[in-house]
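Please read the following report with the sequence and the 3D model side by side. The headings take up a surface patch, the pockets, the salt bridges and some contacts across the chain in turn.

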Amino acid sequence: MKSTFTDLQKEEYESLVMRLSNAGAKNPSSWASSEVTEGIPQFARFLILKSLFDIAKSTDDNIAMASDFDDDVEEKYNAIKDTVGEEKLLSLLTSYSKGIIYNVIGLLDEGNQEAERDKISWTLMKTDENFEATGQMIQGLHEDFLEFEDEVK
């Protein structure tokens, strides 16, 4: 931790390190330092990435949800599993899910590609404990997603 922190920044830094650690960050000091010194909502970024990464790794839940869209998904899953084996199938589905999540992250980071035509776009915004917008945009998720597996305990 930099000794150039003010007392308020030091308090904020220490609180963030504890919350990031509790949320599963392997290197909470790096995320916290960046938030305090650069004003980037890193804790919010971490939580979003962790949640998205957890979704990508939840193949059983994803298959269960897929049954809402395809009545035959379980039959198809079992047929493929019987052909290639469950380990290879789960590995493929996890990688495929990460690919989908990465594309969604790109959409969230970039907003509406037709914003000029549509006159509307979107952004993720950090909120406080009362769910009031803080004005801090959450961006650059794609920058950390590919290596995020190394960031979580």
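Ile 100 has its place in helix α6, which covers residues 86-110; helices here are DSSP runs of H or I with at least four residues, strands are runs of E with at least two, and both are numbered from the N terminus. With a relative accessibility of 40%, Ile 100 counts as partly exposed, a class that lies between buried (under 20% relative accessible area) and exposed (over 50%), judged with a 1.4 Å probe and protein chains only. The model is a predicted one, in which local features need pLDDT of at least 70 and side-chain atom pairs count only at pLDDT 80 or more, while totals for chains, interfaces and linings use all residues. Residues are numbered from 1 along each chain as its sequence is written, and side-chain values use heavy atoms, with hydrogens and water left out.

Together with Tyr 96 and Val 104, Ile 100 forms a nonpolar patch on the surface, and the three have about 290 Å² of accessible area together. Such areas come from the Shrake-Rupley method with a 1.4 Å probe, where for residues only the protein chains shown count as cover. A patch is made of residues with over 30% relative accessible area and no salt bridge, like charges being joined within 9 Å and nonpolar side chains (Val, Leu, Ile, Met, Phe, Trp, Tyr) within 5 Å.

Rolling a probe the size of a water molecule over the atoms shows where empty space is left. On a 1 Å grid over the protein atoms alone, a pocket is an open set of points with protein on both sides within 12 Å along at least five of seven lines, unlike a cavity, where a 1.4 Å probe fits but cannot get out; lining residues have an atom within 4 Å of a point. Grid points are joined across faces, edges and corners, and a volume is the space filled by probe spheres set on the points. The largest pocket holds about 330 Å³ of space, and among its 15 lining residues, Asn 62, Ile 63, Leu 93, Tyr 96 and Ser 97 lie nearest its centre. Two or more lining residues come from each of α4 (59-66), α5 (73-84) and α6, and α6 gives the largest share with 7 residues. By class, this lining has 11 nonpolar, 3 polar and 1 charged residues, where Ala, Val, Leu, Ile, Met, Phe, Trp, Tyr, Cys and Pro count as nonpolar, Asp, Glu, Lys and Arg as charged, and the others, Gly among them, as polar.

The second largest pocket has a volume of about 150 Å³, and the residues that line it include Leu 16, Arg 19, Phe 43, Lys 126 and Glu 129. Here α1 (7-23), α3 (42-57) and β1 (124-127) are the elements that give two or more residues to the lining, and the largest share, 3 residues, comes from α3. The lining of the second largest pocket divides into 4 nonpolar, 1 polar and 5 charged residues.

## Salt bridges

Side chains of opposite charge can pair when their charged atoms come close. The structure holds 7 salt bridges, each being a side-chain nitrogen of Lys or Arg within 4 Å of a carboxyl oxygen of Asp or Glu. In one of them, Arg 45 pairs with Asp 144, and the closest N and O atoms are 2.7 Å apart. This pair links distant parts of the chain, since Arg 45 is in helix α3 and Asp 144 in helix α8 (residues 141-145), 99 residues apart. Arg 45 counts as buried at 4% relative accessibility, whereas Asp 144, at 25%, counts as partly exposed.

Glu 149 and Lys 98 also meet in a salt bridge, at 3.3 Å from N to O. Glu 149 lies in the segment after α8 and Lys 98 in helix α6, so this pair ties together parts that are 51 residues apart in sequence. Another bridge joins Asp 118 and Arg 117 at 2.6 Å, N to O, and Glu 114, Arg 117 and Asp 118 are linked in a network of salt bridges.

## Contacts across the sequence

Gly 24 is found in the loop between α1 and α2 and counts as buried, at 11% relative accessibility. Gly 24 and Lys 153 are 129 residues apart in sequence, but 5.2 Å apart in space, C-alpha to C-alpha.
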